[in-house]
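Biologist: I would like to learn how to read a model like this one. Could you walk me through it, feature by feature?

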Amino acid sequence: MGAGKQMRNKIKVFRAMHDLTQEHLAQVIGVNRQTILAIEKGKYVPSLDLAFRIARYFGVSIEEIFMYGDEEQAGLVQ
Amino acid sequence: MKKNTFYLIVGCTAIALVGLFWYSDVVRMPLLIEVAFIVAVAAIYLVRRRVTDLKEDERDVKITEQAVLRTMQVFWVVFCAFSIGAVMQLLRTPTFPRGFPPGPPPILPELLSPRLIGFVQLGLLCLMIFLYVGFRIYYAGIYGGWETDEE
């Protein structure tokens with residue numbers, strides 16, 4: 001679980017939709033701001049637990065935020 | 001307890017340990033600093049649990065894990081290499097004197113004096129500290145260390 005090149009996410013988009021700063025999201029989720037930044041940049045792949053917490057906070061499923069590989073281009077994620 | 005208070009306590013403990021190290025050397029009692037070191041580390045761990053604003057999330061844990069793992073991977077190789085050298089000393093058993101009349105038993109040269117072992121252990125300790133700090137910086141960089149971004 002390192003700097004996974006295949007894992008992408010839309011946290012930044014969801015943050016913008018909810019008008020949230022990284023600091024605020026980090027506080028709510030219970031992590032450091034650097035962790036949110038690292039996840040957004042794809043440098044750190046979060047654990048399932050953290051991914052669920054992020055998804056639940058935004059009220060969506062994990063698949064709507066996190067994408068694996070080329071799922072987005074292949075149209076696997078709607 | 002605040003984070004800064006914790007760091008202050010750690011600093012004071014370190015200074016106290018240096019003082020105890022000096023004292024145990026003066027009174028020639030190594031056990032004193034050994035026990036004090038264990039007690040100090042245990043106390044720091046206990047105090048650390050009371051810090052309220054020191055947030056350690058899974059990414060921090062991951063960085064620490066990786067740094068410790070890599071440090072230990074290097075350390076055990078270096079330590080084993082040194083230990084193998086020390087075992088050689090055990091294998092150097094005295095041989096029977098040859099010739100007639102038999103001379104005095106040969107005096108075996110000391111391969112590793114206790115003083116040298118102390119120096120080597122000091123070197124290993126420093127190596128571990130430098131390796132750990134280096135690996136921490138490296139993995140913090142890999143996992144998105146000090147980047148700054150937006151809001």
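Biologist: Let me begin with one residue: is A:Phe66 buried or exposed?

Modeller: First, keep in mind that this is a predicted model. To judge burial, we count the other C-beta atoms within 10 Å, and 20 or more make a residue buried. A:Phe66 has 21 such atoms around its own, so it counts as buried.

Biologist: Which residues is A:Phe66 in contact with, leaving aside its neighbours within four places in sequence?

Modeller: They are A:Met7, A:Asn9 and A:Ala51. A:Phe66 itself belongs to strand β2 of chain A, residues 66-68. A:Asn9 is 57 residues away along the chain, yet the two C-alpha atoms are separated by 4.3 Å.

Biologist: How should I look at nonpolar residues as a group?

Modeller: In soluble globular proteins, nonpolar side chains tend to be buried together. Here the largest nonpolar core has 18 residues. Those with the most contacts inside it are A:Ile36, A:Ala38, A:Ile39 and A:Tyr44 from chain A, with B:Tyr139 and B:Tyr143 from chain B.

Biologist: Which helices each supply at least two residues of this core?

Modeller: In chain A they are α3 (33-40) and α4 (48-58), and in chain B α3 (58-91) and α4 (114-142). The most comes from α3(A), which gives four residues.

Biologist: How is chain B divided into domains?

Modeller: Domain 1 covers 1-55, while domain 2 is made of 57-94 and 107-151. Their C-alpha centres lie 22 Å apart.

Biologist: And how many residues does each chain bring to the contact?

Modeller: The size of an interface is often given as the accessible area lost when the parts come together. Counting residues instead, chain B brings ten and chain A brings 15. The chain B side divides into seven charged, two nonpolar and one polar.

Technical notes:
Residues numbered from 1 in each chain as written. Chains lettered and ligands numbered in written order. Predicted model: local features only at pLDDT ≥ 70, side-chain atom pairs only at ≥ 80, totals over all residues. Contact = placed C-beta atoms within 7 Å. Nonpolar A, V, L, I, M, F, W, Y, C, P; charged D, E, K, R; others polar. Domains from an automatic or database assignment. Buried ≥ 20, exposed ≤ 12 C-beta atoms within 10 Å, placed from the backbone. Core = buried A, V, L, I, M, F, W, Y, C linked by C-beta atoms within 7 Å.
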